[in-house]
Amino acid sequence: MNKKITILFFVALFLWACYETEVSFKSLINGFADVNFFISEMFPPDFSEVSKVFPDFITTLKMAFVSTFYGAFLAYPIAILAANTVTKTKFLNVFFRVFLNLVRTIPDLLLAALCVALFGANPFAGIIALSFFSFGIISKLLYESLESLDENSLDPIRAVGGSWLSKIKYGIAPAVLPQFLSYCLYVFEINIRAAAIIGLVGAGGIGTWLNINFDLGQYNKISSLLLTLFLIVATIDFISSKIRKRLTDS
Amino acid sequence: MNNKKIFLLLFIFILIGLTTNEYLPETNNKGQEIFTKILSGENGLFNPDFSIYQNVAKGLLESFQIALIGTVFAGFFSLILGILAAENTSPKPVSGFIKFTLNAIRTIPEILLAIIFIVGVGPGAFAGILALGFHSTGTLSKLTAEVTESINKGPIEAVLAVGGSQISVFRYSALPQIMPEFVSILLYRFEINIRAASVLGMVGAGGIGKTLFFALMARNWSHVGTILIGIIIVVTLVDYISGRIRSNLV
């Protein structure tokens, strides 16, 4: 009975939402020709400009790399403060956890739009936005793995009278290092995609060219940029997932 | 990894970080002035203007609806595609082909899909729904296929042993095993989609992003502040509720 009411509630919610947002498959079928035209305009891709904008691909990669680094750098101490296995002050744990949850609610594109407003339309704004974004993800993942650490493994350090800092240096840091590096790589993969997209709101990198070509209606150039981007992303994903596997296996 | 290697890595990272110096905006007093004006000025981010709460609430509701419908559509298709893509429930060529297609779908960012669908059905919530639905189908189907591949064979053999047909095998042994995990994945995707739905409006796909876009364009920081608070509240609520349901499920 209870289950039926729940299902009925969700069906009603869904139908109401469909009604409010004017879901109509007629418009989708009618619009199919337009989408088809749009996509056919993208082919064949025009690769003539890819070499010209290649420095911007490098910029996008650099943005992703540097912001992962900054994010990780900030995330490490915060994750230590948020994990209740390492920091025994309940207040600090709760405070930083709430803070991290708030940080993660803000979507990357929104952060980028805000940073562009604050720092101007350049890669620097993108780096700040992505650093903040990576910081949120890495610290969340890291404090969760810190909490899954076996507390008994820290006992020897406590037994010889080690301080809080030596507990971190000899007990925790070596234990979570592989996981930490693997999270950083994972976030780097996310950041490359994000760095390309946030250019659409002016945060530099290859997204700027996507935006320009959209405005000019040069769809075949867009497809060439996207294909190159996919190639880069796929290569890095492949390498990074290989490294991650080795890190977590050993 | 010993200390020497770590320091070497850090050194290289910092060097790469230094090469992004060229992106640093010029520092002058005017920049600082703008900065403080945007953040804490009379019309700044930290002085949210709550008089537009009706607009913000409407936008947030629309974003919620976009995420809901998009996730439900994706859930419907991914249950079918996921089972077709699983190696233990469908023939090898079919599963291989569907897996490949899903991988291709997943590489297209939501924002780009939104732009494509706007061409088809015009700007508005429906374009956002289609974009989220399409992208989520890619990710959800992959996860559903993984869940399907990990199901226990015992119940399937039990149904077959009492003379059940293929359909009753699916209905009474496979589906009950897949369902709890599937709902959990679906809720997790909903959490991601609510974030995505709040920025899709920036390219014209409806929801709070539209309101945000206009506020950003008009450099109306107090409105941006209000919208930001609204997004943070909604995302936090959704995360909390969905987290509770998920921990009950598994």
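Among contacts in chain A between residues at least 6 apart in sequence, 77% join residues at least 24 apart. The model described here is predicted. The secondary structure of chain A consists of 10 helices and 0 strands, and its elements, read from the N terminus, follow the order α-α-α-α-α-α-α-α-α-α. For chain A the radius of gyration is 23 Å, whereas a compact globule of 250 residues would have a value near 18 Å. The C-alpha trace of chain A extends over about 75 × 60 × 40 Å along its principal axes. Of the 250 residues in chain A, 48% are buried.

Chain B was described in the same terms. Its secondary structure also amounts to 10 helices and 0 strands, with the elements running α-α-α-α-α-α-α-α-α-α from the N terminus on. Along the principal axes, the C-alpha trace of chain B spans about 80 × 60 × 40 Å. Buried residues account for 44% of the 250 residues in chain B. Of the contacts in chain B with a separation of 6 or more, 72% are between residues 24 or more positions apart.

One helix pair in chain A was examined in detail. Helix α3 (residues 54-82) and helix α8 (residues 164-198) of chain A pack with their axes 8 Å apart and at an angle of about 150 degrees. The contact of α3(A) with α8(A) comprises 19 nonpolar and 4 polar residues, with no charged residues. The crossing of α3(A) and α8(A) is right-handed.

Several individual positions in chain A were also considered. A:Ser240 lies in helix α10 (residues 219-249) of chain A. With a relative accessible area of 3%, which is under 20%, A:Ser240 is therefore classed as buried. Beyond its neighbours within four places in sequence, A:Ser240 makes contact with A:Leu185 and A:Glu189. A:Leu200, in contrast to a helical position, is placed in the loop between α8 and α9 (206-216) of chain A. A:Leu200 counts as buried because its relative accessibility is 14%, the cut-off being 20%. Apart from neighbours within four places in sequence, the contacts of A:Leu200 are with A:Gly207, A:Leu210, A:Asn211 and B:Ile111. A:Leu200 is 142 residues from A:Ile58 in sequence, and their C-alpha atoms are 17 Å apart in space.

In chain B, B:Ala197 is located in helix α8 (residues 166-200). The relative accessible area of B:Ala197 is 0%, so this residue is buried. Leaving aside neighbours within four places in sequence, B:Ala197 is in contact with B:Ser63, B:Ile66, B:Ala67, B:Leu132 and B:Gly206. B:Ala197 and B:Thr107 are 90 residues apart along the chain, and a distance of 18 Å separates their C-alpha atoms.

A:Cys115 is counted as buried because its relative accessibility is 8%. A:Cys184, at a relative accessible area of 13%, is buried as well.

Methods: Residues are numbered from 1 along each chain as its sequence is written. Chains are lettered from A and ligands numbered from 1 in the order in which they are written. This is a predicted model: local features need pLDDT of at least 70, side-chain atom pairs count only at pLDDT 80 or more; totals for chains, interfaces and linings use all residues. Side-chain values use heavy atoms; hydrogens and water are left out. Buried means under 20% relative accessible area, exposed over 50%, partly exposed in between (1.4 Å probe, protein chains only). Axes are lines fitted to C-alpha atoms, for helices over the stretch in contact, and angles run from 0 to 180 degrees between N-to-C directions. Helices (H or I, at least four residues) and strands (E, at least two) are DSSP runs, numbered from the N terminus. A crossing is left-handed if the near helix is turned anticlockwise from the far one by less than a right angle, and right-handed if clockwise. Ala, Val, Leu, Ile, Met, Phe, Trp, Tyr, Cys and Pro count as nonpolar, Asp, Glu, Lys and Arg as charged, and the others, Gly among them, as polar. Contact means heavy atoms within 4.5 Å. The radius of gyration is taken over C-alpha atoms; the globule rule is 2.2 Å times the number of residues to the power 0.38.
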